[in-house]
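Let's take a friendly walk through a protein model. Have the sequence and the 3D view open as you read.

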Amino acid sequence: MENPHELINQLNRLSKLAASNIAERQLEAGKLDRTTASWAAQAAAGDISRVDVIQRLRQRAWYEFRNNMYANKAVRAIVSRLIGNGVSPESIAVNPQGEPLAEFRTKARKLWDRFCREPSDLGRPGRGGITFHELSAQVLTEVICSGECFLRLRRISKEEQAARNLRLPLTIQVIEAERVSEAAIMTEPTKDGTVIFRGIELDADTGKRLAYHVYSRHPNHPLGDSRNYKTVRIQADEILHVYVQQRPSQLRGFSWLSPVLLNLRDINDYQFNELVASAVSSCIALAITREPTSGSLGLQATTGGDNTDSDGNAITRIQPGTLLQLNPGEKLDGFDPNRPAKAAENFINHLLRGVAAGLPGVKSSQITGDYRASSFSSERSAENDIMPEIQSLQNWFYMSAHQPIYEAVIDTGVMAGYFGNVPNDQSGDLCLCDAVWRGPVSKSINPNQDENASMGAIKNGTSSAQIEAARKGHDWRKVIEENAEVYKAAIDAGLPESYAMNLIGVGVSPVDTQDEETLEAKSVATALDTGDG
């Protein structure tokens with residue numbers, strides 16, 4: 001009989017192993033066995049420590065954006081859904097009593113519109129700079145491909161403002177991700193209690209951002225010299241760091257294309273391989289089959305003949321009109337290349353669906369531009385599915401990039417006396433910089449139906465003109481102002497009031513041709529309803 005103590009030990013080991021297996025199977029993806037042994041994953045914080053990995057990812061993302069049509073279209077699709085034809089703020093400034101500051105709001109909109117025409121630190125449009133709309137698209141493209149972008153709010157002197165003919169002494173400098181020195185790392189606190197991680201200077205205790213270490217020029221700029229790697233320390237309050245913070249400890253962003261880059265590369269490789277295979281296959285028209293006893297290794301000339309065509313060229317390839325004289329035991333077989341592969345389109349579409357799934361707010365039909373297999377209901381369902389994601393991204397981008405700039409514009413305008421005397425805020429309830437942002441909205445697939453639904457909701461009291469205007473991406477105050485302008489212009493031109501009313505969409509629609517009895521019946525019914533009968 002075996003040693004009873006050894007038997008007990010074996011039973012205890014088996015019991016522990018069984019308990020371990022049960023615990024593992026509570027989270028199947030965390031188990032470690034022969035099927036998952038090659039599944040490599042490492043514990044990581046919000047930031048990846050390997051700077052070379054981040055840089056390689058960024059370089060590949062930009063390469064695909066520049067060279068892969070689907071990557072380029074996917075990025076442009078995101079930019080169009082977040083920015084479209086422009087993003088605008090609607091001021092909701094109120095006084096300490098909570099009453100709307102109507103005049104202030106009007107001036108704020110005009111000041112913002114003026115600033116948007118000349119925001120760039122490089123100059124005005126046509127002189128090296130770009131508009132705020134173009135700048136926003138540029139920043140968002142940088143964020144998608146590089147994972148982040150930095151904006152510097154530059155306060156310029158009155159002399160520079162006058163020389164550049166700017167309305168405000170404020171400009172925006174766009175700083176690419178590569179310009180914030182990733183080589184600047186100092187993990188041990190200095191005597192001032194600061195550390196540096198990938199160019200961001202932090203308070204060692206609180207983690208608060210203190211400054212950014214920025215190269216004077218892009219490290220890979222073609223006009224490269226020693227200045228490319230000369231860093232400048234910029235105070236944190238001058239910099240807006242635009243990136244999606246996915247984890248609490250994350251200090252810098254990484255490319256949004258990260259989950260889909262391999263798919264994009266596979267699409268490129270697959271299409272290239274199909275083209276090469278098709279080209280090779282098209283070079284072969286016929287094949288010669290020989291009996292094993294013929295002993296010949298190539299085209300053999302008949303007795304007294306040679307391997308030349310009518311032009312005297314050696315027959316080493318097939319050309320139109322060539323006739324071959326074969327040796328005994330040889331025959332010609334046709335060659336079917338079967339290219340391009342019939343399954344190529346389905347496979348590429350499968351990869352593109354993966355690309356769309358890996359990017360926020362993108363439908364696969366947007367990437368391909370192919371709506372042949374789409375239906376009204378499927379497109380509407382897809383639109384309803386991605387809209388919350390798009391709206392979430394819009395809120396993130398407007399609050400991260402647009403709102404801080406808007407606040408700087410309003411503050412600068414107040415200090416410059418543009419708004420005149422603003423109310424004195426003793427309670428701290430004065431919110432001059434508060435705004436609601438309007439960006440692109442989902443276009444209606446059935447405009448008539450949606451418009452009728454909006455009118456019905458307003459009539460039933462379940463919506464308002466403000467809400468319905470916002471759904472269409474409009475500022476209701478601006479709609480009223482423009483309608484008033486149209487109405488006044490029509491009246492000033494001597495046009496009938498009914499015509500002016502129709503111009504702004506509130507007139508009576510022309511009555512269809514009807515017989516007199518029908519018109520009389522309607523008139524009687526109206527009189528009875530109003531009590532005039």
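This is a predicted model, and our tour starts inside it. The largest cavity holds about 40 Å³ of space. How many cavities of 30 Å³ or more does the structure hold? The count is one.

Now look at what surrounds that space. The lining of the largest cavity is made up of Phe132, Leu135, Ser136, Val139, Leu151, Phe397, Ala401, His402 and Ile405. Two elements, α5 (132-146) and α10 (376-415), each give two or more residues to this lining. By type, the lining residues divide into seven nonpolar and two polar, with no charged ones.

Next, turn to the strands. Is strand β6 (residues 209-215) largely enclosed or left open? Five of its seven residues are buried, so β6 is largely enclosed by the rest of the structure.

| Strand paired with β6 | Residues | Bridges | Direction |
|---|---|---|---|
| β5 | 200-203 | three | antiparallel |
| β7 | 231-235 | five | antiparallel |

Glu201 stands opposite Ala211, while in β7 the bridge partner of Ala211 is Gln235.

Finally, find the hairpin of β5 and β6. Five residues lie between its strands, and in this hairpin Gly207 takes a positive phi near 80 degrees.

Technical notes. Residues are numbered from 1 along each chain as its sequence is written. This is a predicted model: local features need pLDDT of at least 70, side-chain atom pairs count only at pLDDT 80 or more; totals for chains, interfaces and linings use all residues. Side-chain values use heavy atoms; hydrogens and water are left out. Buried means under 20% relative accessible area, exposed over 50%, partly exposed in between (1.4 Å probe, protein chains only). Helices (H or I, at least four residues) and strands (E, at least two) are DSSP runs, numbered from the N terminus. Two strands pair if DSSP finds at least two bridges between them. On a 1 Å grid over the protein atoms alone, a cavity is a set of points where a 1.4 Å probe fits but cannot get out, and a pocket is an open set with protein on both sides within 12 Å along at least five of seven lines; lining residues have an atom within 4 Å of a point. Grid points are joined across faces, edges and corners, and a volume is the space filled by probe spheres set on the points. Ala, Val, Leu, Ile, Met, Phe, Trp, Tyr, Cys and Pro count as nonpolar, Asp, Glu, Lys and Arg as charged, and the others, Gly among them, as polar.
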